[in-house]
Amino acid sequence: MVAKPPRPDISTLAKKAEARELSFHYGTKQALKRISVPVYDRRVTALIGPSGCGKSTFLRCFNRMHDLYPGNRYEGEIRFQPDDIDLLGADIDPIEVRMRLAMVFQKPNPFPKSIFENVAYGLRIRGENRRSALIDAVEEALVAAALWNEVKDRLDEMAMNLSGGQQQRLCIARALASQPEMLLFDEPTSALDPIATASIEELIHQLKDKVTILIVTHNMQQAARVSDFTAYMYLGDLIEYGWTDDVFFRPKHKQTEDYITGRFG
Amino acid sequence: MAVAMPAAQMRALIARQRRKDLLFVLLGVAALCLAFATFITLFLDMLIDGWSRLRPEFFTQFASRKAEQAGILAAWVGTLAVMVVTALVAVPLGVAAGIYLEEYAARNKLTAIIEININNLAGVPSIVYGLLALGMFVHTFGLGASIRTAGLTLALLILPIVIVATREAIRAIPGSIREAAYALGATRWQLVRHHVLPYSMPGILTGVIIGLSRAIGETAPIITIGAVSFIAFLPPAPVQPEFPWLSFEWLASPFTAMPIQIFGWTSRPEAAFQANASAAALVLVAMTLVMNAIAIWLRYRLRRNLSW
């Protein structure tokens, strides 16, 4: 396990986002039950729990992905800093939310376009079409996603020609290129082999100095390795939240301990 | 635990299954040969009858009472002009309708009814479109038995084909690509413009060509709107030597088309006209084949870079 720096006093940390009494319904089915949990600025917060516990549903509230499908309903709010907006508020355009919070999905989903165009896409839809600006931003994002050295000579090749792990790092570069304030990872390594997984985890480590990260993971070791804070969810309820070390080594709830030690879930 | 099957019995079983497999292969090849042989026979028959007429003059002469002087100039120009109008009307309308239904329309009873009706429209006999056009375009709007009337009529006829093909092509785009674009902050129009349209273009093109291939051979609706089979002039050229250089008078011009010309000639008793009909039919088949070849080439070019 990577050595972690000494923990600061939690009251001195700035919150980037905070869910308050957040409930979510798919039609008549309630998937999240009054979840209240903070997300600290430039820290990694992991969401763990058995399948169907609502962790991905919770993550997808942050960039309003649920708005894309009919019949979904939010209650409560997600306060977002520095301007203290409610990400779920009726007065906030979901497009703005998605521009400020980028997402990396479970399966790599590059566009059937060139490597360059994939990374540049976020900037293009923000109206940036100057070639020089795009070239600089694409290089910077690919460097940050630890992919630059592998692709710098073939930026015009199709993204599909990359391996699965490279595709996922490309998706991370695509998310980073437009300088999001927060990154949402939805089980980003579940479709990857152990080596590609290690490189993504390493990347998350490097990114957290610059950007706040919320990550859903099925892999308990991964949560322990990459996160500062962990939230354990079960059937739409938040069971336990705290410093990752506390949740893993000194869980307050029997259920959390059972899940983490593999006795259930 | 079940008892394992003796090896000899297993081999006999496999041999039986293999024979069935072979039988099906033979059946499939026979069916294919039958279909192909029918086409080849028809094609050869036309070729034998019409080959002697396929000289350059055949394409540059108007219809005539003398079979050996008759050509298909008015017919192929008319067909080409009608196809241009058909494509210009049916493609934007059909693609827009397909995109709207897939990307924008709410999933409710109304869209379900529209959906069923579009699929039904594809099965309506073409003569019905002819009657509709006669009442609406020719009489009510006063567009006459013109190229624009024929183009609009055939556009209506193939609209359902274009819409259905567009929707199928859009549905083949995985949801993960859609979510990727939305997650970066794309609007619905940006998604359509940058992703949905380019990725569905090969499928849309296929639908357009299937539609045009059907339209090019349609006879009944064009006869219904009053196209004549004997025309000894061409529509005015769309490009003029004087200002404003572009002319749209050709749209209002009377016309004839390949299927009408063929139909007209086959109804004459003289063998020479039958030969003309065969030759014209060959040309029509060739036009269809060329259109299909272009579509296949375009689809191949566009699809080369598409995978997910």
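**Close-up views of a two-chain predicted model**

View 1. Chain A holds 10 helices and 10 strands. Its C-alpha trace spans about 55 × 45 × 35 Å along the principal axes.

View 2. Start with E1 (residues 15-26) and E2 (residues 29-40) of chain A, which run antiparallel and are joined by eight bridges.

View 3. Most residues other than glycine have a negative phi, and most peptide bonds are trans. Which peptide bond is cis here, and what is its omega? The cis bond joins A:Gln81 and A:Pro82, with omega about 15°. A:Pro82 is placed in the loop between E4 and strand E5 (85-86) of chain A. A:Asp84 is found in the loop between E4 and E5 of chain A too. This aspartate has a positive phi of about 50° although it is not a glycine. If you are checking backbone torsions, these are two handy places to begin.

**View 4. An open sheet of six strands in chain A.** Reading across the sheet, the strand order is E6-E7-E8-E3-E9-E10 (chain A), and the pairing is mixed. Why is one side of E6 and of E10 left without a neighbour in the sheet? E6 and strand E10 (237-243) of chain A stand at the edges and each has a single partner strand, so one side of each has no neighbour in the sheet. From one strand to the next, the twist averages 15°. Zooming in on one pair, strand E7 (residues 182-186) and strand E8 (residues 212-216) of chain A run parallel and are joined by five bridges. Within this pair, A:Met182 has A:Thr212 of E8(A) as its bridge partner.

**View 5. The side of chain A that touches chain B.** Here 20 residues of chain A are in contact with 19 residues of chain B. On the chain A side, helix H2 (94-100), strand E6 (101-104) and helix H3 (115-124) each supply at least two residues. H2(A) gives the most, with three residues. By class, the chain A residues of this side divide into 14 nonpolar, four polar and two charged.

**View 6. Chain B as a whole is built from helices.** Chain B has 11 helices and zero strands. Its pattern along the sequence is α-α-α-α-α-α-α-α-α-α-α. The radius of gyration of chain B is 25 Å, well over the 19 Å that the globule rule gives for 308 residues, so chain B is more spread out than a compact globule. Taken along the principal axes, the C-alpha atoms of chain B fill a box of roughly 85 × 55 × 35 Å.

**View 7. Helices H6 and H8 of chain B pack against each other.** Two packed helices are described by the angle between their axes and the distance between the axes. For helix H6 (residues 147-171) and helix H8 (residues 188-217) of chain B, the axes come within 8 Å and cross at roughly 150°. Angles over 145 degrees count as roughly antiparallel, and so H6(B) is roughly antiparallel to H8(B). Their crossing is right-handed. Residues making the contact include B:Leu154, B:Leu157, B:Ile158 and B:Ile161 of H6(B), and B:Val196, B:Ser200, B:Gly203 and B:Ile204 of H8(B). By class, the contact of H6(B) with H8(B) has 15 nonpolar, six polar and two charged residues.

Conventions
Residues are numbered from 1 along each chain as its sequence is written. Chains are lettered from A and ligands numbered from 1 in the order in which they are written. This is a predicted model: local features need pLDDT of at least 70, side-chain atom pairs count only at pLDDT 80 or more; totals for chains, interfaces and linings use all residues. Axes are lines fitted to C-alpha atoms, for helices over the stretch in contact, and angles run from 0 to 180 degrees between N-to-C directions. Helices (H or I, at least four residues) and strands (E, at least two) are DSSP runs, numbered from the N terminus. Angles under 35 degrees count as roughly parallel, over 145 as roughly antiparallel, 65 to 115 as roughly perpendicular and the rest as oblique. A crossing is left-handed if the near helix is turned anticlockwise from the far one by less than a right angle, and right-handed if clockwise. Two residues are in contact if their C-beta atoms, placed from the backbone, lie within 7 Å. Ala, Val, Leu, Ile, Met, Phe, Trp, Tyr, Cys and Pro count as nonpolar, Asp, Glu, Lys and Arg as charged, and the others, Gly among them, as polar. Two strands pair if DSSP finds at least two bridges between them. The radius of gyration is taken over C-alpha atoms; the globule rule is 2.2 Å times the number of residues to the power 0.38.
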